[in-house]
Amino acid sequence: MRISVARLSRRLRTLRPARPEEARPPLTLTQFAALAALARHGSMTPRELADHEKVQPPSMTRVIAFLEDQGLLERTPHPTDGRQAVLAPTEAGHTLLAEERRRKEQWLARRLNELTDEERDILHRAAPVLDKLSRSS
């Protein structure tokens with residue numbers, strides 16, 4: 001099961017486009033994860049984002065700088081602590097995440113349509129169990 005879940009996860013990650021329609025380089029997995037975390041969990045300080053993503057602050061500083069440079073992330077003053085900033089995805093960042101999600105959902109829908117009704121039913125019943133495993137520490 002571990003190998004199958006890892007293969008499926010890796011396959012979904014490889015669907016990320018190189019973004020040839022833009023003059024931007026593709027995001028690394030760390031950059032994409034940081035942007036997605038902000039979209040999913042709301043604004044954070046750089047330190048909170050580094051802690052959330054379990055990376056060292058200097059590494060997150062480089063990720064943030066890249067995302068800002070690409071126009072995918074914005075930094076605003078912290079409302080109560082003038083020494084800090086708050087990070088949030090820009091409209092372009094939200095659009096990029098929505099496109100990535102749509103691409104992965106389309107791929108998965110095509111693969112699920114190739115399965116038998118019985119196989120789809122098995123996966124439907126297993127989904128809550130896999131979700132439970134993914135949330136355990």
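What covers the buried residues of H2? I opened the notebook with that.

**Ground rules.** I am working on a predicted model, where local features need pLDDT of at least 70, side-chain atom pairs count only at pLDDT 80 or more, and totals for chains, interfaces and linings use all residues. Numbering starts from 1 along each chain as its sequence is written, and side-chain values use heavy atoms, with hydrogens and water left out.

**Fold.** I counted six helices and two strands in the protein chain. I took these as DSSP runs, numbered from the N terminus: helices are H or I with at least four residues, strands E with at least two. From the N terminus the order reads α-α-α-α-β-β-α-α. The C-alpha trace spans about 60 × 40 × 25 Å along its principal axes. Of the 137 residues, 25% count as buried. Buried is under 20% relative accessible area, exposed over 50%, partly exposed in between (1.4 Å probe, protein chains only).

**Helix H2.** I listed its buried residues: Gln31, Phe32, Ala34, Leu35, Ala36, Ala37 and Leu38. Their cover includes H3, H4, strand S1 (73–77), strand S2 (85–89) and H5. I then checked the length of H2. Its 13 residues should span 18 Å at 1.5 Å a residue, and the end C-alpha atoms are 18 Å apart, which agrees. The expected span is 1.5 Å times one less than the number of residues. Just after H2, Gly42 takes a positive phi of about 95°.

**Core.** The largest nonpolar core has 19 residues, and Leu27, Leu35, Leu49, Met60 and Leu67 have the most contacts inside it. Helices H2 (29–41), H3 (46–53), H4 (57–69) and H5 (91–113) each supply at least two residues of this core. H2 gives the largest share, six residues. I used this definition: buried Ala, Val, Leu, Ile, Met, Phe, Trp, Tyr and Cys residues joined through side-chain atoms within 4.5 Å.

**Ala98.** I found Ala98 in helix H5. It is partly exposed because its relative accessible area is 36%. Ala98 and His41 are 57 residues apart along the chain, and their C-alpha atoms are separated by 15 Å.

**Helix H6.** Which helix gives the most to the nonpolar patch? I found that H6 (residues 117–135) does, with three residues. The patch on the surface is formed by Met1, Val5, Val129, Leu130 and Leu133. Leu133 sits in helix H6. At 47% relative accessibility, Leu133 counts as partly exposed.

How values were computed:
Patches are made of residues with over 30% relative accessible area and no salt bridge: like charges are joined within 9 Å, nonpolar side chains (Val, Leu, Ile, Met, Phe, Trp, Tyr) within 5 Å. Accessible areas come from the Shrake-Rupley method with a 1.4 Å probe; for residues, only the protein chains shown count as cover. A salt bridge is a side-chain nitrogen of Lys or Arg within 4 Å of a carboxyl oxygen of Asp or Glu. Contact means heavy atoms within 4.5 Å.
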